[in-house]
Amino acid sequence: QVHLEESGGGLVQPGGSLRLSCVASVTVFIAYDMAWYRQAPGKQRELVAAVGSNTNINYADFVKGRFTISRDNGKKTVYLQMNRLSPEDTAVYYCHAKNSLIASRPDYWGQGTQVTVSS
């Protein structure tokens with residue numbers, strides 16, 4: 001069983017920054033593709049950014065140039081640095097993990113951390 005613990009959410013003014021962290025309780029973190037998703041009220045969950053076990057990185061178009069995803073394999077942690085936040089970024093942000101070596105393993109999700117951008 002994999003447990004993902006997110007932190008770093010909160011209330012921030014437009015134009016501000018936040019850094020989300022997700023610590024994974026896994027044996028072989030480097031085997032996992034990691035990602036951040038978000039879900040705003042009344043909307044579907046959507047991919048924000050992903051960093052693969054091979055360190056390939058992908059971003060949703062709406063965060064390119066503002067958000068940066070990174071991973072620290074030694075700390076079994078994935079980060080999401082969010083800059084120039086706007087009210088449209090308000091959502092619950094979820095950490096996601098998928099074993100890149102064993103396709104039959106399930107997807108894992110954290111409990112989510114609330115990000116609210118408001119003046």
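Lys-98 and Asp-107 form a salt bridge, with 3.4 Å between the closest N and O atoms. The term salt bridge here means a side-chain nitrogen of Lys or Arg within 4 Å of a carboxyl oxygen of Asp or Glu. Lys-98 counts as partly exposed at 22% relative accessibility, and Asp-107 is partly exposed as well, at 41%. For the cut-offs, buried is under 20% relative accessible area, exposed is over 50%, and partly exposed is in between, with a 1.4 Å probe and protein chains only.

Before going further, the conditions. This is a predicted model, in which local features need pLDDT of at least 70 and side-chain atom pairs count only at pLDDT 80 or more, while totals for chains, interfaces and linings use all residues. Residues are numbered from 1 along each chain as its sequence is written, and side-chain values use heavy atoms, with hydrogens and water left out.

How many salt bridges does the structure hold? There are 5. Salt bridges with shared partners join Arg-38, Glu-46, Arg-66 and Asp-89 into one network. Strands here are DSSP runs of E, at least two residues long, numbered from the N terminus. As for burial, Arg-38 has a relative accessible area of 6% and is buried; Asp-89 is buried too. Glu-46 is partly exposed, at 32%.

Next, the rings. The count of aromatic pairs is 1. Rings of Phe, Tyr and Trp (its six-membered ring) pair if their centres lie within 6.5 Å; planes under 30 degrees apart are stacked, over 60 edge-to-face, and the rest tilted. The pair is Tyr-37 with Trp-109, edge-to-face, at 4.9 Å centre to centre and 65 degrees between the planes. Tyr-37 belongs to strand β4 and Trp-109 to strand β10 (residues 108-109), so the pair ties together parts that are 72 residues apart in sequence. Tyr-37 is partly exposed at 22%, and Trp-109 is partly exposed at 35%.

Trp-109 also has Arg-45 over its face, 4.6 Å from the ring centre. Elsewhere, the charged end of Arg-19 sits over the ring of Tyr-79, 3.9 Å from its centre. The criterion is NZ of Lys or CZ of Arg within 6 Å of the ring centre and within 35 degrees of the ring normal.

Now strand β11, residues 113-117. Its covered face holds Thr-113, Val-115 and Val-117, and its uncovered face Gln-114 and Thr-116. Strand β2 (residues 10-12) runs parallel to β11, joined by 3 bridges, and Gly-10 has Val-115 as its bridge partner. Strand β9 (residues 91-99) runs antiparallel to β11, also with 3 bridges; there, Val-92 partners Gln-114. Two strands pair if DSSP finds at least two bridges between them.

Last, the largest nonpolar core. It has 32 residues, of which Leu-4, Met-34, Trp-36, Leu-80, Met-82 and Tyr-93 touch the most other members. Elements giving two or more residues to this core include β4, β9 and β11. A nonpolar core is a set of buried Ala, Val, Leu, Ile, Met, Phe, Trp, Tyr and Cys residues joined through side-chain atoms within 4.5 Å.

Terms used. Helices (H or I, at least four residues) and strands (E, at least two) are DSSP runs, numbered from the N terminus.
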